[in-house]
Amino acid sequence: DTLRRIGYVAGIYKALQILYSNPSQADGWVHQPNLHFGDQSPLERMAAGDVTDLAAVRAYLDAARAPWS
């Protein structure tokens, strides 16, 4: 479980680096409310405690960066 969580966090970090060239934009994104996450910020969703919450944020970012893959 711990390794899976680390993998999701690493993937989220990598996707943010690909999507946002400015680190402050990437940092800001995780704090902004997002309709996809029920108006929670991605950080709030990730901190909810379930590994599926990390997976949801990772999947969202993977879909957003698909055109750049």
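**Working through the model**

Tutor: Let us start with Asp-53, which sits in helix H4, residues 51-65. Keep in mind that this is a predicted model.

Student: OK. Is Asp-53 buried or exposed?

Tutor: Asp-53 is buried, because its relative accessible area is 10% and the cut-off for buried is under 20%.

Student: Which residues does Asp-53 touch, not counting those up to four places away in sequence?

Tutor: Arg-45, Met-46 and Ala-48. With Arg-45 there is also a polar contact, side chain to side chain, at 2.7 Å.

Student: And how far is Asp-53 from Val-9?

Tutor: Their C-alpha atoms are 11 Å apart, and 44 residues separate the two along the chain.

Student: Let's zoom out. How many helices and strands does the protein have?

Tutor: Four helices and zero strands. Read from the N terminus, the order of elements is α-α-α-α.

Student: What does the C-alpha trace span?

Tutor: About 30 × 25 × 20 Å along the principal axes. The radius of gyration is 11 Å, which agrees with the value near 11 Å for a compact globule of 69 residues.

Student: How much of the protein is buried?

Tutor: Buried residues account for 28% of the 69 residues. The accessible surface is about 4,500 Å², and carbon and sulfur atoms hold 56% of that surface.

Student: New topic. Which residues are in the largest nonpolar core?

Tutor: There are twelve: Ile-12, Ala-15, Leu-16, Ala-26, Trp-29, Val-30, Phe-37, Met-46, Leu-54, Ala-56, Val-57 and Leu-61. Helix H1 (2-19), helix H2 (23-29) and H4 each give two or more residues to this core.

Student: Which element gives the largest share of this core?

Tutor: H4, with four residues.

Student: Trp and Phe have rings. How many aromatic pairs are there in the whole structure?

Tutor: A search finds two. In one of them, the rings of Trp-29 and Tyr-60 have their centres 5.9 Å apart.

Student: Why does that pair count as stacked?

Tutor: The planes of Trp-29 and Tyr-60 are at 25°, and planes under 30 degrees apart count as stacked. The pair links distant parts of the chain, since Trp-29 is in helix H2 and Tyr-60 is in helix H4, 31 residues apart.

Student: Is each of the two buried or partly exposed?

Tutor: Trp-29 is buried at 12% relative accessible area. Tyr-60 has 27% relative accessibility, so Tyr-60 counts as partly exposed.

Student: And the other pair, with Phe-37?

Tutor: Phe-37 and Tyr-60 form a tilted pair, with 5.3 Å from centre to centre and 55° between the planes. Phe-37 lies in the loop between H2 and helix H3 (42-46), Tyr-60 lies in helix H4, and 23 residues separate them. Phe-37 counts as buried, at 4% relative accessibility.

Student: What do the ring pairs link together?

Tutor: They link Trp-29, Phe-37 and Tyr-60 into a cluster.

Student: Last one. Where is Arg-65, and is it buried or exposed?

Tutor: Arg-65 is in helix H4. Its relative accessibility is 18%, so Arg-65 counts as buried.

Student: Which residues does Arg-65 touch?

Tutor: Ala-15, Ile-18 and Leu-19, with residues up to four places away in sequence not counted. Of these, Ala-15 is one of the residues in the largest nonpolar core.

Key
Residues are numbered from 1 along each chain as its sequence is written. This is a predicted model: local features need pLDDT of at least 70, side-chain atom pairs count only at pLDDT 80 or more; totals for chains, interfaces and linings use all residues. Side-chain values use heavy atoms; hydrogens and water are left out. Buried means under 20% relative accessible area, exposed over 50%, partly exposed in between (1.4 Å probe, protein chains only). Contact means heavy atoms within 4.5 Å. A nonpolar core is a set of buried Ala, Val, Leu, Ile, Met, Phe, Trp, Tyr and Cys residues joined through side-chain atoms within 4.5 Å. A polar contact is a pair of N or O atoms within 3.5 Å; within protein, one must be able to donate a hydrogen and the other to accept it, and residues adjacent in sequence count only if both atoms are side-chain atoms. Rings of Phe, Tyr and Trp (its six-membered ring) pair if their centres lie within 6.5 Å; planes under 30 degrees apart count as stacked, over 60 as edge-to-face and the rest as tilted. The radius of gyration is taken over C-alpha atoms; the globule rule is 2.2 Å times the number of residues to the power 0.38. Accessible areas come from the Shrake-Rupley method with a 1.4 Å probe; for residues, only the protein chains shown count as cover.
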